[in-house]
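Reader: I'm new to this one. Can you walk me through it?
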Amino acid sequence: MKKFSRRFSLILCSLLLAAMTFTAVGCSKKEKETEAAASNELKDGATLGEGSKSFTLEVVDLDKKELSATIKTDAATVGEALLDLEIVDGEDSDFGLYVTTVNGLTLDYDKDGKYWAFYIDGEYASTGVDSTDIEEGKVYRLAAE
């Protein structure tokens, strides 16, 4: 009976150790995913993404607080790059992507009359973010208005 009890205890301890190991590995993976998502938050002076093209993105929030970051990408358009990095989100419309959220701030024109305006080198853009090809050296701005 003692032999059975020892074996049972050994098996039980082994199972407990395995369960603790799997739990620790799972928690570690979730922490890394959370850190990766947080690292895509746009911060002033940051460089986000990887790729052969780069451009400057400026964001102006409702309080007129400005920040500027460098975006690196292999995407063809500004919208594609910003969607890939989860900096913007929006809705498809007849005119392309209607940006509703930038850097976690959502604006709803129907509720508060505010929207995200898109500028290229300081000029109000005549194209949407998803139809604007990335050009080296250009400064793209999303401003809450």
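Reader: How many helices and strands does the protein chain have?
Author: Three helices and nine strands. Both are DSSP runs numbered from the N terminus, with at least four residues (H or I) for a helix and at least two (E) for a strand. This is a predicted model: local features need pLDDT of at least 70, side-chain atom pairs count only at pLDDT 80 or more, and totals for chains, interfaces and linings use all residues. Residues are numbered from 1 along each chain as its sequence is written, and side-chain values use heavy atoms, with hydrogens and water left out.

Reader: In what order do the elements run?
Author: From the N terminus, α-β-β-β-α-β-β-β-α-β-β-β.

Reader: Which strands make up the open sheet of three?
Author: The order is β4-β5-β6, and the pairing is antiparallel. β4 (88-93) and β6 (105-106) are the edge strands with a single partner each, so one side of each has no neighbour in the sheet. Two strands pair if DSSP finds at least two bridges between them.

Reader: How many bridges join β4 and β5?
Author: Six, with β5 covering residues 96-102. V88 has V102 in β5 as its bridge partner.

Reader: New topic. How much of the chain is buried?
Author: Of the 145 residues, 28% count as buried. Buried means under 20% relative accessible area, exposed over 50%, and partly exposed in between (1.4 Å probe, protein chains only).

Reader: Which residues touch the most others in the largest nonpolar core?
Author: L42, F55, L57, I71, L82, I87 and L142, out of 27 residues. Such a core is a set of buried Ala, Val, Leu, Ile, Met, Phe, Trp, Tyr and Cys residues joined through side-chain atoms within 4.5 Å. Elements that each supply at least two of its residues include β2 (53-60), β3 (66-73) and α2 (78-84).

Reader: And what does L82 touch?
Author: F55, L57, I71, I87, V88 and L142, leaving out residues up to four places away in sequence. Contact means heavy atoms within 4.5 Å.

Reader: How many aromatic pairs are there?
Author: The search finds four. Rings of Phe, Tyr and Trp (its six-membered ring) pair if their centres lie within 6.5 Å; planes under 30 degrees apart are stacked, over 60 edge-to-face, the rest tilted. Y109 and Y115 are edge-to-face, because their planes meet at 70 degrees, with centres 6.2 Å apart. F118 and Y140 are stacked, 6.1 Å centre to centre with 10 degrees between planes.

Reader: Is Y140 buried or exposed?
Author: Buried, at 1% relative accessibility. F118 is buried too, at 8%.
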